[in-house]
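Me: I am new to this structure and would like to learn how to read a few of its features. Please go through them with me one at a time.

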Amino acid sequence: MNAGAISARLRGLAGRMRDAFPDMAAHSHVSDAAAAMDGGRPDGAQRHLNAAIASFTPLAMARHGINDDTSRVAGKRLMA
């Protein structure tokens with residue numbers, strides 16, 4: 001898969017994340033990863049994706065007021 005296709009998929013993921021978890025900033029990490037891929041910086045994209053994944057730990061989600069299991073599972077599914 002080329003960088004353009006990857007960045008397009010990342011932008012789609014960012015949109016789904018923004019819709020599902022509007023109060024969390026994880027979607028901006030994924031958007032930044034797409035921009036890094038467009039700029040030819042896959043290592044930067046990986047760092048942004050790691051930050052997005054870290055946003056969906058139970059502690060991070062609790063900090064954003066997300067305490068129900070259904071939302072936690074939805075967050076994990078987005079990042080799977």
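Me: Is Phe 56 buried or exposed?
Reply: Buried means under 20% relative accessible area, exposed means over 50%, and partly exposed lies in between, with a 1.4 Å probe and protein chains only. Phe 56 has 7% relative accessibility, so Phe 56 counts as buried. This is a predicted model, in which local features need pLDDT of at least 70 and side-chain atom pairs count only at pLDDT 80 or more, while totals for chains, interfaces and linings use all residues. Residues are numbered from 1 along each chain as its sequence is written, and side-chain values use heavy atoms, with hydrogens and water left out.

Me: Which residues does Phe 56 touch?
Reply: Contact means heavy atoms within 4.5 Å. Leaving out residues up to four places away in sequence, Phe 56 touches Met 17, Phe 21, Met 24, Ala 26, Met 61, Gly 75 and Met 79.

Me: How many aromatic pairs are there?
Reply: A pair of aromatic rings is described by the distance of the centres and the angle of the planes. Rings of Phe, Tyr and Trp (its six-membered ring) pair if their centres lie within 6.5 Å; planes under 30 degrees apart count as stacked, over 60 as edge-to-face and the rest as tilted. The structure holds 1 such pair. The ring centres of Phe 21 and Phe 56 are 5.3 Å apart and the planes are at 70 degrees, so this pair is edge-to-face.

Me: Where do Phe 21 and Phe 56 lie?
Reply: Helices are DSSP runs (H or I, at least four residues), numbered from the N terminus. Phe 21 is in the loop between α1 (3–20) and α2 (26–38), and Phe 56 is in the loop between α3 (42–54) and α4 (58–63), so the pair ties together parts 35 residues apart in sequence. Phe 21 also counts as buried, at 7% relative accessibility.

Me: Which residues touch the most other members of the largest nonpolar core?
Reply: A nonpolar core is a set of buried Ala, Val, Leu, Ile, Met, Phe, Trp, Tyr and Cys residues joined through side-chain atoms within 4.5 Å. The largest one has 18 residues, and Leu 10, Met 17, Phe 21, Met 24, Val 30, Phe 56 and Met 61 touch the most other members. Two or more residues each come from α1, α2 and α3, and α2 gives the largest share, 6 residues.

Me: What are the buried residues of α3?
Reply: They are Gly 44, Ala 45 and Ala 52. What covers them includes α2 and α5 (69–79).
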